[in-house]
Amino acid sequence: MSSQGAEPSIFSRIIAREIPATIVAETDRLIAFEDIAPQAPVHVVITTKDPQYRNVVELAAGDPGLLAELVRVAQTIADERTMGQFRLVFNTGAASGQTVFHVHAHVLGVVTVADALGEGSLGSL
Ligand code: AMP
């Protein structure tokens, strides 16, 4: 399931603009776009442009500064879209629900206080 030597991940294809996505933030090393199957009123995926890390454990070991940058981008997106509060999810391993083995975080949040009071508003990721 390594990204090395395999087909480019779906996220690499988004980064290359080979397939469309609604991009909401971008830095030199990260890109954020709306999840195609949202599990919350706001559901943004943040991924690294470098596909070498398959999951957050590998990213933390290999480039902790990039992981910290990813968290800062999550906060920026939340400041803009979800009253500054958010859930940050890294599915790690197929048994946990990971389907794309190119490290990424899910930023999940609500837009209004009324959303926050809705049952299950942050989904089940
Ligand atoms: P995970 O299951 O944690 O690996 O997350 C992969 C996420 O990528 C899922 O939430 C998918 O809905 C999302 N996803 C897959 N393909 C696309 C796409 N083309 N554009 C946006 N999000 C996608």
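Q: How far is an oxygen atom of the ligand from a polar backbone atom of G97?
A: A polar contact is a pair of N or O atoms within 3.5 Å. An oxygen atom of the ligand pairs in this way with a polar backbone atom of G97, and the distance is 2.8 Å.

Q: How much of the ligand's accessible area does the protein cover?
A: Accessible areas come from the Shrake-Rupley method with a 1.4 Å probe. On its own, the ligand has 510 Å² of such area, and the protein covers 84%.

Q: What kind of model is this, and how are residues numbered?
A: This is a predicted model: local features need pLDDT of at least 70, side-chain atom pairs count only at pLDDT 80 or more, and totals for chains, interfaces and linings use all residues. Side-chain values use heavy atoms, without hydrogens and water, and residues are numbered along each chain as its sequence is written, from 1.

Q: Which element gives the largest share of the shell around the ligand?
A: Helices (H or I, at least four residues) and strands (E, at least two) are DSSP runs, numbered from the N terminus. The shell has 15 residues, each with a heavy atom within 4 Å of the ligand. The largest share is 3 residues, and it comes from α1.

Q: How do the residues of the shell divide?
A: Asp, Glu, Lys and Arg count as charged; Ala, Val, Leu, Ile, Met, Phe, Trp, Tyr, Cys and Pro as nonpolar; the others, Gly among them, as polar. The shell divides into 7 nonpolar, 6 polar and 2 charged.

How values were computed. Polar contact = N/O pair within 3.5 Å; in protein donor to acceptor, adjacent residues only side chain to side chain.
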